[in-house]
Amino acid sequence: MALTIKSTNPLFKDSVTLAEFLETTNELELSLAERRTIIDQALVLIDSVYVHLPLKQAMYAINPVQQLKILRRQMHTLTEREFHCEMLRIFKELRDLHTNYILPAPYNQSTAFLPFLIEEYYDGNDQRHYIVTKLIPGFQHDTFKPGVEINYWNGVPIDQAVAINADREAGSNKAARHVRGLDAMTVRPLAMSLPPAEHWVIVGYSSDNQDYSIQLPWQVNQISSFNEILAPAATGEFATANGLDLNMELTNNARKVLFSPSAIDVSKEAADLRTSDEPLNEKKKDFFKSRSRYPDTFQFRPVDTPHGQIGYLRIRTFSNPEPDAFVNEVIRILKLLPEKGVIIDVRGNGGGIIMNGERLLQLFSSNQIEAERLHFINNEITLAIANSDALGGFAKQWVNSIDLSTITGSIYSQGFTIESPELTNSIGRQYNGSAVLITDARCYSTTDIFAAGFQDNKIGKILGVDDNTGAGGANVFTHDLLRALLPGPDSPFEELPGGTFMRVAIRQTTRVGDKAGLPLEDLGIQPDAIHRLTRDDVLSDNRDLISAAAALLLQSQGDKQ
């Protein structure tokens, strides 16, 4: 039977129901001219700038350019929701989390959510299960608690319901679509997804060998704005070095606000201490001895093993702070961790500034680090972008090969690193122990690049909880950045109307070392070993996963001796 809910959480109380939220969108209406501008700008991005278009056409037999042209003919027959839905569908069929159509306000400021979090684990028979792992603080129920197993979703078997949701997501491979479909079951940023069609869900679950159901309404709140999330990585000195899954970043931020509000307090205290003019006193020393100066980015601790203590470092994002501060904080943390070896965990990391990932690699290797290569697609518009003097003429070294493509017929430009080898290797090795990397299918963009560099430069083994990473192999530019690079009345890039927004994968990344020349996009990184998450992992702080990673680390040390 359906059960009622009670919550004392202010966030839950201050939220509006989905029906109430939709009433605020009734007055939104794009004119036909504005719709035409949106479609035409999408055509410029995808047909002339989008670096993966040949790959996506080959892999998925899609024709987004033709779809946009058809939409332009049919746009006058569509409602506002239908128009946005078609734009989202065309972009999502690219299966590229870098290349997005972003809805206007209030959608892009809002997140739809249910008051619980679902995670999956595998039993000894490799059978997948879905359980509730967290509730919004203040939400209480007699039987619906962490640890209960979800069996049905609106009457649909849960595994099938997740699969249906996954088909709506833009992940670059099956594993990536699955985990993003799972994430969106209860937390859904609306910047790149229309609100749920259902106003509530009926969840069938079991607890203590009893079956129950509960009816829960979708709620909407302005938990995180895409502008706030995107701005640090898309503006300023490193605007052209962005590699970020924006939806993953929005989801991670929403989950922190909803399910871990204490983490917000820790972040605020760290920021206050970090920016304080007071000298390094005992309070600061004690706080930062066990916590990062940037706790939203890093967590760390020692881990006991049968062979002694090793270190554990979680990197949740490569977005902030800027590269020098980012790398220096990792160096500081490594000095606090045991020297025998370190587990680096980048699960759920949607990327950020590319240099943040690539500069880290040198800290764990005595060899010269070779960074991944970036390539433009060759045409007149990308030639103009590479020739632009804006932002310090960041892409001048690509100009010659793009220009010669008229003669050579090459689809892609030469590949160059995003910064000089001297900068990528300017610090050198800082940690003498071995390292092992943990990945999942949520890893994307800069995190893919970091994982590829970790493997290509033979730094250590990779342990995956999924068969591959999210496979985001590109540098992403916003539409606003392209307008800044090619300004003026003759620019192909016009201002987007109605508060809409777009991003595009503009430079493809390819691998080095043994896999030199292979693209990261859609392929991702295959780990050296797989560990399927257990019930103890999702309910007891990754206990079995860390044990498996420690075993792989110690095995790697033995192989080297």
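Modeller: The side chains of R128 and D159 meet in a salt bridge, at 3.3 Å from N to O. The term stands for a side-chain nitrogen of Lys or Arg within 4 Å of a carboxyl oxygen of Asp or Glu. Keep in mind that this is a predicted model, where local features need pLDDT of at least 70, side-chain atom pairs count only at pLDDT 80 or more, and totals for chains, interfaces and linings use all residues. Residues are numbered from 1 along each chain as its sequence is written, and side-chain values use heavy atoms, with hydrogens and water left out.

Colleague: Where do R128 and D159 sit in the chain?

Modeller: R128 is in strand 6 (residues 128-135) and D159 is in helix 7 (residues 158-166), so the pair links distant parts of the chain, 31 residues apart. Helices here are DSSP runs of H or I with at least four residues, strands are runs of E with at least two, and both are numbered from the N terminus.

Colleague: And how accessible are R128 and D159?

Modeller: R128 is partly exposed, with a relative accessible area of 28%. D159 is partly exposed too, at 36%. Buried means under 20%, exposed over 50%, and partly exposed in between, with a 1.4 Å probe and protein chains only.

Colleague: What about R511 and D456, buried or exposed?

Modeller: Both R511 and D456 are buried. Their side chains form a salt bridge at 2.6 Å, N to O. R511 is in the loop between strand 23 (501-510) and strand 24 (529-530), while D456 belongs to helix 18 (residues 446-456), 55 residues apart.

Colleague: Which residue does R532 pair with?

Modeller: D467, with the closest N and O atoms 2.8 Å apart. R532 lies in the loop between strand 24 and helix 20 (535-539), and D467 in the loop between strand 21 (462-464) and strand 22 (474-478), so the pair ties together parts that are 65 residues apart in sequence. R532 is partly exposed at 26%, and D467 is partly exposed at 43%.

Colleague: How many salt bridges does the count come to?

Modeller: 27 by that rule. There is also a network of salt bridges linking D183, R255, D440 and R442.

Colleague: Switching to helix packing. What's the angle between helix 7 and helix 8?

Modeller: About 105°, with the axes of helix 7 and helix 8 (residues 174-183) 7 Å apart. Axes are lines fitted to C-alpha atoms, for helices over the stretch in contact, and angles run from 0 to 180 degrees between N-to-C directions. That makes helix 7 roughly perpendicular to helix 8; under 35 degrees counts as roughly parallel, over 145 as roughly antiparallel, 65 to 115 as roughly perpendicular and the rest as oblique.

Colleague: Which residues make the contact?

Modeller: V162, N165 and A166 of helix 7 and R177, H178, G181 and L182 of helix 8, where contact means heavy atoms within 4.5 Å.

Colleague: And helix 11 with helix 12, at what angle do they cross?

Modeller: Roughly 135°, with the axes of helix 11 (residues 261-275) and helix 12 (residues 282-290) coming within 11 Å. That makes helix 11 oblique to helix 12. V266, E269, A270, L273 and R274 of helix 11 meet K283, K284, F287 and F288 of helix 12.

Colleague: Last one: what does T424 touch?

Modeller: E358, R359, Q362, I369, A371 and E419, not counting residues up to four places away in sequence. T424 is found in helix 17 (residues 421-424) and is buried, with a relative accessible area of 2%.
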